[in-house]
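Here's a quick tour of a fold, from its surface to its core. Have the model open as you read.

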Amino acid sequence: MPDTTLTSPHPGGALATAGARQYHLAHDPHPENGTSLGFWLYLMSDVLIFAALFATYGVLGRAYAGGPTGAELFDLKLVALNTAFLLLSSITFGFAMLHKQAKNVGGTLLWLAVTGLLGLAFLGVELYEFAHLIHQGATPQTSAFLSSFFTLVGTHGLHVTFGIIWLVTLMVQVKRHGLTPANVRRVNCLSMFWHFLDVVWVGVFTFVYLMGVL
């Protein structure tokens with residue numbers, strides 16, 4: 001872009017050059033790490049949300065109100081299976097990232113698809129667990145313990161749902177346009193989000209399910 005020259009009237013009436021300035025307009029590239037920084041800020045806000053939900057569960061997790069306890073309700077084998085689905089999906093996403101680094105569109109799409117299927121399996125088991133608990137009469141209205149449980153676990157499940165929608169949308173973009181710089185940036189952001197959900201679930205599994213049974 002050519003320099004923009006600013007002029008101002010001279011006291012004697014003649015125009016004199018005031019100086020030259022360069023302006024960065026829309027055609028200039030974005031800062032290299034701008035998107036990553038913004039997404040990290042978003043993840044930090046999500047950390048605050050889950051921290052508040054964990055704190056709420058920590059306070060209300062023993063408020064059974066005469067209703068069932070976690071030891072009576074939780075099926076650790078089912079939850080362990082669900083945990084395996086989500087942790088395995090983190091590994092498969094890692095394979096997708098390796099193929100992305102190699103600019104292999106087909107391999108990237110394949111492993112993203114496997115990741116999405118594992119995420120759907122996780123959601124299916126979680127919905128089955130919720131339906132089973134409600135069928136037993138353990139609803140969010142039963143006690144403060146169950147209210148905080150459904151809120152914490154349900155919020156995580158909602159994040160996984162949005163992650164799968166994002167993943168499918170991104171697969172369509174990669175299929176149509178390939179691994180363009182914009183798509184590579186989006187895959188990187190989704191990778192951070194997906195691994196973040198895995199870390200949160202490890203906390204849920206330990207703090208809610210294991211401690212609830214023990």
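Ile 91 has a relative accessibility of 46%, so it counts as partly exposed; the class lies between buried (under 20% relative accessible area) and exposed (over 50%), judged with a 1.4 Å probe and protein chains only. Ile 91 sits in helix 3, residues 76–101. Helices here are DSSP runs of H or I with at least four residues, strands are runs of E with at least two, and numbering starts at the N terminus.

A word on the source: this is a predicted model, where local features need pLDDT of at least 70, side-chain atom pairs count only at pLDDT 80 or more, and totals for chains, interfaces and linings use all residues. Residues are numbered from 1 along each chain as its sequence is written, and side-chain values use heavy atoms, with hydrogens and water left out.

## Helix 3, inside

Helix 3 runs for 26 residues and spans 38 Å from first C-alpha to last, close to the expected 38 Å (1.5 Å times one less than its number of residues). Just past the helix, Lys 103 adopts a positive phi of about 60°.

## The core

The largest nonpolar core counts 49 residues, and Phe 93, Trp 201 and Val 208 are among those with the most contacts inside it. Such a core is a set of buried Ala, Val, Leu, Ile, Met, Phe, Trp, Tyr and Cys residues joined through side-chain atoms within 4.5 Å. Helices 1, 3, 4, 5 and 6 each supply at least two of its residues, and helix 6 gives the most, with 15.

Take Val 208: beyond its neighbours within four places in sequence, it is in contact (heavy atoms within 4.5 Å) with Tyr 57, Phe 74, Phe 149, Leu 152 and Gly 203.

## A buried loop serine

Ser 143 belongs to the loop between helix 4 and helix 5. Its relative accessibility is 5%, so it counts as buried. Setting aside residues up to four places away in sequence, Ser 143 touches Ala 63, Tyr 64 and Ala 65.

## The whole chain

Six helices and two strands make up the tally, in the order β-β-α-α-α-α-α-α along the sequence. Of the 214 residues in the chain, 37% are buried. Among contacts between residues at least 6 apart in sequence, 73% join residues at least 24 apart.
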